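Thanks for coming. Please have a look at it first.

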Amino acid sequence: MARPPRREPIIPEAPVALDSTGEALTSTLAEVFGPEWATQIGAAVDEVTLTVPADQVAGVCITCKTDPRLDFNYLRCLSVVDYVEATAEFEVNYHLYSLDKRHKMVVKTRIPEDSPAVPTITGVWAGANWYERESHDLFGVVFDGHPDLVPLLLYEEFEGFPGRKSFPFHDYEEW
């Protein structure tokens, strides 16, 4: 008896729901990052997103921190998403927050699987140091110019990148 075709899971998407602060930030970003920047402003759920080419990440982050209209003085998190199966890329996300203006956003960039590198932003936010080391440990992303990209979570001899979807977790046996 033939098996029925596998159905792909239906993944629900939350609608965009920016509040007035998010709407104002979207307008401000359009002013700050004019046509000279290759940026794309968007939104996901309740957060403004700014998608930039990898070579512009450091410049965009510096502007996000130093422009008084934005004033992003806090890097909340740096995350990497594995889209290798779909697009052969990783997405690096910089989650920013302004403690004074109380607005938030995410700067996104895509890097290819075969050369996963992006400039470091440790010179912009010192807190990026450990986030970048963690991302290097788990996904193999190289942060060009990082002061000391030694392992943070894994030991020196660990082989592979356990954050990647392709990492063979099934090869390990529990003991």
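In which strand does A44 lie? A44 lies in strand β1. Before going on, a word on the basis: this is a predicted model, with residues numbered from 1 along each chain as its sequence is written. Local features need pLDDT of at least 70, side-chain atom pairs count only at pLDDT 80 or more, totals for chains, interfaces and linings use all residues, and side-chain values use heavy atoms, with hydrogens and water left out.

Helices and strands here are DSSP runs, numbered from the N terminus, with at least four residues of H or I for a helix and at least two of E for a strand. On that basis the protein has four helices and seven strands. In sequence order the pattern reads α-β-β-α-β-α-β-β-β-α-β. The C-alpha atoms fill a box of roughly 60 × 45 × 30 Å along the principal axes.

Now the sheet. Two strands count as paired if DSSP finds at least two bridges between them. In general, strands of a sheet pair through backbone hydrogen bonds, either parallel or antiparallel. Here five strands form an open sheet, in the order β1-β2-β5-β4-β3, with mixed pairing. β1, residues 40-44, and β3, residues 74-83, are at the edges with a single partner strand each, so one side of each has no neighbour in the sheet. From one strand to the next, the twist averages 25°. For angles, axes are lines fitted to C-alpha atoms, for helices over the stretch in contact, and values run from 0 to 180 degrees between N-to-C directions.

Back to A44. β1 and β2, residues 47-51, run antiparallel and are joined by five bridges. The bridge partner of A44 in β2 is E47. Contact means heavy atoms within 4.5 Å; not counting residues up to four places away in sequence, A44 touches V16 and T49. A44 and P15 are 29 residues apart in sequence, yet their C-alpha atoms are 7.7 Å apart.

Is A44 buried, partly exposed or exposed? Buried means under 20% relative accessible area, exposed over 50%, and partly exposed in between, using a 1.4 Å probe and protein chains only. A44 has 36%, so it is partly exposed.

Next, the helices on the sheet. Helix α1, residues 20-32, lies across β1, β2 and β5 (104-112), at about 20° to β2. Helix α4, residues 128-139, packs on the sheet and touches β3 and β4 (89-97), its direction making about 10° with that of β3.

T28 is in α1, and it is buried because its relative accessible area is 17%. With residues up to four places away in sequence set aside, T28 touches R69 and L70. S135 is in α4, and at 4% relative accessibility it also counts as buried. Beyond its neighbours within four places in sequence, S135 is in contact with L78, V80, G140, V141 and F143.

Finally, the totals. Of the 175 residues, 37% are buried. Among contacts with a separation of 6 or more, 52% are between residues 24 or more positions apart.
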